[in-house]
Amino acid sequence: MDSQSFKNSVKFLFFLLLVKPFIFFVLGINARDMDKLPKHGPAILVANHNSHIDTLLIMSLFPVSTIVKVHPVAAADYFCNTKLKSFIFKTLIGIIPIQRRVTKQSKEEMFKDINAALKNNEIVIIYPEGTRGEDNKIKDFKTGVAHIAKMNPEVPIIPMYINGPDKILPKIDAIIVPFISDIYIAEPVYYDDTTTKDFTLKIKSIVENLYLTHRRKETL
Amino acid sequence: METIALTSNVKICIAALYAVLGIITIVAYVISFIKKGADNLKTRMKSFWIIVLLFTAAFMFNKLTAIVFIMLVSYLALKEFFSMIPTRRSDRRVLLWAYLSIPIQFYFIYTGWITMFYLFIPLYLFLLIPLRMVMIGDTDGFLKSCGTLHWAVMTCVYAIGYFAVYFSIPAFVNPAGGALGFLLYILILTISNDFMQYVFGKTFGKHKITPTVSPNKTVEGLLGGVFSTAVIATVLAPFLTPFTYLQAFLVGLVIALAGFFGDITMSAIKRDIGVKDTGALLPGHGGILDRLDSMIFTVPLFFHYVAYYYSIGILK
């Protein structure tokens, strides 16, 4: 067994035996637009980000056979700062590490792994806020997703809004409290001929719109 | 392992329920075949079958599986409630305590420690929730949060716990149906009451009864539901319960009213928060609380009706 198929089998079993039962029984998802979820790659999923749970929720929406082809893009400085962490997250979750610092690399070099995954008909999750939020507010989106879209104009971008994980496991706490999360999925968009800045704003407004349409009472 | 006694009447009743559900399913499929776009009816029936099959599977074996099943229902309901309402970030530890009350409460039910079952949530948790909250120290919205959390636990743990506490009723109280006979009786009455109120409301409904809470409810629907539920209660009584006709007729009236108020209470909460359904667990129905809303009122009430007449061994 080569190392890639070993990683895939471990990830397959991890999601089948642990993550999916945990997400669907202990936590729970109210997914209401499941038909808008892509059946296969390539695709870029874009979501707001408040908790590590976000990633497990989005991935659990897919059948386990597809999950091995879903890769969250994750900060290299956080998830790969030690060899052990890097190995664990790359094997169990299948993350694609990315540098958050400005480097001298070209954009093609920086997004090399993401582009390769998309070429390989895989699905990539990106949180354009760049980090977890602390108050369930949607922060400004970084332009990375627009650059990737520009390099892959035929790949659909599926914006989604997640509500709940900031209550389950917020950035400031280490204890999990069960809540059912809501996931709202928008129609796919493709890169148009606007600037990367405008395209970023467009995606952000779609995610914000999902939040505003489904907003409910937030204080007693 | 304590098994659940199934009298022949209860077996016949379960078989009859499956037959009725089968007929309704066929009708639903015919309707959705004739009228295009009535697919919601089909998903609704599918969910119904899953609920009924799970219920029978859980209650056929023994007391422990039945109680564990109700405990899981209680967990799903409480989680749904906490996810629906706004909660304070500072109350995360309090919510964990509330979840922890579920296994404790069902332990009391399983061991037959009925006094603790009665006291644990209305008294001890009533004291423990504010205790944990003052230890955290966030006073902004303290009273609202305290009240909401206790209401949630009363609804989703205490009231739902009554489903399981029926199994503590000794068999001699109900020779015709046993403990399961009482439970079947109240579930049939609550569900048929929901249905009858809907049918009478659709057919004769004119005068709105609670325009601000639930605009679809009418005086005609309520009266029709109350009367037909009382009749069904009287007809079913000798089969599943030890009640006289008069006792059964009275219980039918009380249950129908309680079911109505349980229903509109949950509607009022949903309206307050601004959601249509309490969740999306049961396709075609909404959330688990949407299905349990009337039972949260009727099941505990009926238990105490039984306990009032046959207090021997229940209130000890």
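1. A residue counts as buried if 20 or more other C-beta atoms lie within 10 Å of its own. In this predicted model, Phe62(A) has 20 other C-beta atoms within 10 Å and is therefore buried. The same cut-off applies to the chain as a whole: of the 220 residues of chain A, 39% count as buried.

2. Phe62(A) lies in the loop that links helix H2 (53–60) to helix H3 (64–67) of chain A. Leaving aside residues up to four places away in sequence, Phe62(A) touches Ile67(A) and Val70(A). Between Phe62(A) and Lys39(A) there are 8.1 Å in space, C-alpha to C-alpha, although the two are 23 residues apart in sequence.

3. The overall build of chain A is as follows. Its secondary structure amounts to 10 helices and seven strands. The radius of gyration of chain A is 17 Å, close to the 17 Å that the globule rule gives for 220 residues, so chain A is as compact as a globular protein of that length. The C-alpha trace of chain A spans about 50 × 45 × 35 Å along its principal axes. Among the contacts in chain A with a separation of 6 or more, 75% come from residues 24 or more positions apart.

4. The sheet comes next. Seven strands of chain A form an open sheet of mixed pairing, in the order E1-E7-E6-E2-E5-E3-E4. Strand E1 (29–31) and strand E4 (96–98) of chain A stand at the edges; each has a single partner strand, so one side of each is left without a neighbour in the sheet. On average, and with direction ignored, neighbouring strands are turned by 25° against each other.

5. One pairing can be followed in detail. Strand E2 (residues 43–47) and strand E6 (residues 157–163) of chain A run in the parallel sense and are joined over four bridges. Ile44(A) has Ile157(A) as its bridge partner in E6(A). Helix H10 (residues 196–213) of chain A packs on the sheet, where the helix touches E2, E6 and strand E7 (181–185) of chain A. The direction of helix H10 makes about 35° with that of E6(A).

6. Chain A also meets chain B. The contact takes 17 residues from chain A and 20 residues from chain B. On the side of chain A that touches chain B, the residues divide into seven nonpolar, four polar and six charged.

Notes. Residues numbered from 1 in each chain as written. Chains lettered and ligands numbered in written order. Predicted model: local features only at pLDDT ≥ 70, side-chain atom pairs only at ≥ 80, totals over all residues. Pairing = 2+ DSSP bridges. Helix = DSSP H or I, 4+ residues; strand = E, 2+ residues; numbered from the N terminus. Axes fitted to C-alpha atoms, helices over the stretch in contact; angles between N-to-C directions. Contact = placed C-beta atoms within 7 Å. Nonpolar A, V, L, I, M, F, W, Y, C, P; charged D, E, K, R; others polar. Rg over C-alpha atoms; globule rule 2.2 N^0.38 Å. Buried ≥ 20, exposed ≤ 12 C-beta atoms within 10 Å, placed from the backbone.
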